[in-house]
Amino acid sequence: FTTCKGSESYNVLPDTAYVTANVRFIFHQDMDESLAIFKKITDKFGLAMEVLQSNPACKVVSYKSDMFKLVENVIYDNYKDIVVSPYVMTGATDGRHYDSLCDNVLRFSPIYATSEQIDGMHSLNENIYISSLPAAVDFYKDVIKKYNER
């Protein structure tokens, strides 16, 4: 739940109140199933529910695909201290716009980030170090080169 609103004053009961939930759907429980769970809860308490915006879960990427292997190799070439492992990406990345164009949309950010930077994503003082940008550019250049060499 990311926002809520009720009374304008601490000593006044609100006429209406609401909360907003930012829900990320995952492949084994689709959007309709997740929304049905919310609906069951809201109905139980006599609350109304409205979907303001929705996007289905992204497609599962095959870690055996040629493109996954290509990106994996470029990661190993550029980042010696990284272990590549598939995982469920719960963030709503721009990759969702490419699901209809590609079989495997890989979501990887070649940016070194501290734990504080990761914890601060989408919050006050969100930042990355400018010194991490040249390596990120080199990573993308290498992906393009390796792709063209195929």
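Analyst: Let's start with a definition: helices (H or I, at least four residues) and strands (E, at least two) are DSSP runs, numbered from the N terminus. With that in hand, we can turn to the loop between helix 3 (115–119) and helix 4 (133–149), where Tyr129 lies. Please keep in mind that this is a predicted model, in which local features need pLDDT of at least 70 and side-chain atom pairs count only at pLDDT 80 or more, while totals for chains, interfaces and linings use all residues. Residues are numbered from 1 along each chain as its sequence is written, and side-chain values use heavy atoms, with hydrogens and water left out.

How accessible is Tyr129? Its relative accessibility is 46%, so Tyr129 counts as partly exposed; buried means under 20% relative accessible area, exposed over 50%, and partly exposed in between (1.4 Å probe, protein chains only). Setting aside neighbours within four places in sequence, Tyr129 touches Thr114 and Gln117, where contact means heavy atoms within 4.5 Å. Val83 is 46 residues from Tyr129 in sequence, and their C-alpha atoms are 21 Å apart in space.

His122 sits in the loop between helix 3 and helix 4, and its phi is near 60°, a positive value in a residue other than glycine. His122 has a relative accessible area of 74%, so it is exposed. Asn125 is found in that loop between helix 3 and helix 4 too; although it is not a glycine, Asn125 has a positive phi of about 65°. With 61% relative accessibility, Asn125 counts as exposed.

Now let's visit the loop between helix 1 (31–44) and helix 2 (66–78), which holds Ser65. Ser65 is buried because its relative accessible area is 11%. The side chain of Ser65 reaches the backbone nitrogen of Phe68 at 3.1 Å.

In helix 1 we find Ser34, which counts as buried because its relative accessibility is 7%. Apart from neighbours within four places in sequence, Ser34 is in contact with Phe25 and Gln29. Helix 2 contains Glu72, and with a relative accessible area of 14% this residue is buried. From Glu72 to Met121 there are 49 residues in sequence and 25 Å in space, C-alpha to C-alpha.

Finally, let's step back to the whole chain. It has four helices and two strands, and from the N terminus on its elements run β-β-α-α-α-α. The radius of gyration is 21 Å, well over the 15 Å that the globule rule gives for 150 residues, so the chain is more spread out than a compact globule. This radius is taken over C-alpha atoms, and the globule rule is 2.2 Å times the number of residues to the power 0.38. Along its principal axes, the C-alpha trace spans about 65 × 35 × 25 Å. Buried residues make up 16% of the 150 residues. Of the contacts with a separation of 6 or more, 49% come from residues 24 or more positions apart.

Note on methods
A polar contact is a pair of N or O atoms within 3.5 Å; within protein, one must be able to donate a hydrogen and the other to accept it, and residues adjacent in sequence count only if both atoms are side-chain atoms.
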